[in-house]
Amino acid sequence: MKKNMLLTLAVFAATSTFAQVDPVGNFNKHVVEQWTGDYVRIGQWKVKGSPYFLGEPFPGILNYTDGKSAKSDKILYDLHNQKVGFKQGNDALESLNSVESFSISLPDRYGNKNLVFRNSAAFGDNSNTYYNVLEDGAKLVFLKQYKTKLVPDSRNMLDKDAKMFEQVYDYFIYNKGTKTLHKIKLREKDLLKELEAEPAAKDYVTKSVASLSTEHDFITVINTVNTQFK
């Protein structure tokens, strides 16, 4: 069946206007090609790059489980250890209070975005990590989880102890109806699995959605599902 032409044009226009900026990809490229910082020692490995999200602190707010909050211009999110705190010297200051959520503001070079993160416990995941909330509504929550991998340093392959922090991410959907969290890929069939109990919403996705191959596509469609199919 033909896709809805108006929606196709709307999605194309929105995607063109809000061109995707990939801060993580840009940062990884910088580490490979231009890194001049110190190495981090992890076990036997001499690791190039940074365990901190995009390698630097950002302004933002920490919200604690006791209801208190704190604002700072220097919040560091340690992806390797999944901890967040204020910058003190070269390290993140681990708070005595548990962080329930936090937000950070990225500068223009990273897309000028405000990112909101929630502790994984909010989504039935007790691993004490954090998820970036991309879209939240009555039915589905679209999430992005950042982490690091230790990979060979392509610029120093002769040193067997040389590694590099590669910052990566995965996508998840939390279904509020079933209270389940699933890792997904950005494709139509993964979203349709979450809508098995929602035939009208499933039919909308199947017949009317022009594309589901980008993060922006998913945000747009999940927002529609959350607001129009009750």
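Are Asp153 and Lys48 buried or exposed? Both residues are buried in this predicted model.

## A buried pair across the chain

Asp153 and Lys48 form a salt bridge, and their closest N and O atoms are 3.0 Å apart. This pair connects distant parts of the chain: Lys48 belongs to strand β2 (residues 45-48), while Asp153 lies in the loop between β10 (140-152) and β11 (162-175), 105 residues apart.

## Lys144 and its partners

Lys144 forms a salt bridge with Glu215, with 2.8 Å between the closest N and O atoms. Here too the pair links distant parts of the chain, since Lys144 is in strand β10 and Glu215 in helix α5 (residues 215-228), 71 residues apart. Lys144 counts as buried because its relative accessibility is 8%, a value under the 20% limit. Glu215, at 10% relative accessibility, counts as buried as well.

Lys144 also lies over the face of Tyr169, at 4.2 Å from the ring centre.

## Other salt bridges

The structure has 12 salt bridges. One of them joins Asp190 to Arg187, the closest N and O atoms being 2.8 Å apart. Asp190 counts as buried at 8% relative accessibility, whereas Arg187 is partly exposed, with a relative accessible area of 34%. Salt bridges that share partners also join Lys147, Asp170 and Lys183 into one network.

## Aromatic rings

The structure holds 19 aromatic pairs. One aromatic cluster includes Phe53, Phe58, Tyr77, Phe142, Tyr146, Tyr169 and Phe218. Tyr169, a member of this cluster, is the ring over which Lys144 lies. In another contact of charge and ring, the charged end of Lys163 sits over the ring of Trp45, 4.5 Å from its centre.

Notes:
Residues numbered from 1 in each chain as written. Predicted model: local features only at pLDDT ≥ 70, side-chain atom pairs only at ≥ 80, totals over all residues. Heavy atoms only, no water. Phe/Tyr/Trp six-rings, centres within 6.5 Å; stacked < 30°, edge-to-face > 60°. Lys NZ or Arg CZ within 6 Å of the ring centre and 35° of its normal. Salt bridge = Lys/Arg side-chain N within 4 Å of Asp/Glu carboxyl O. Helix = DSSP H or I, 4+ residues; strand = E, 2+ residues; numbered from the N terminus. Buried < 20%, exposed > 50% of the residue type's maximum accessible area, 1.4 Å probe, protein only.
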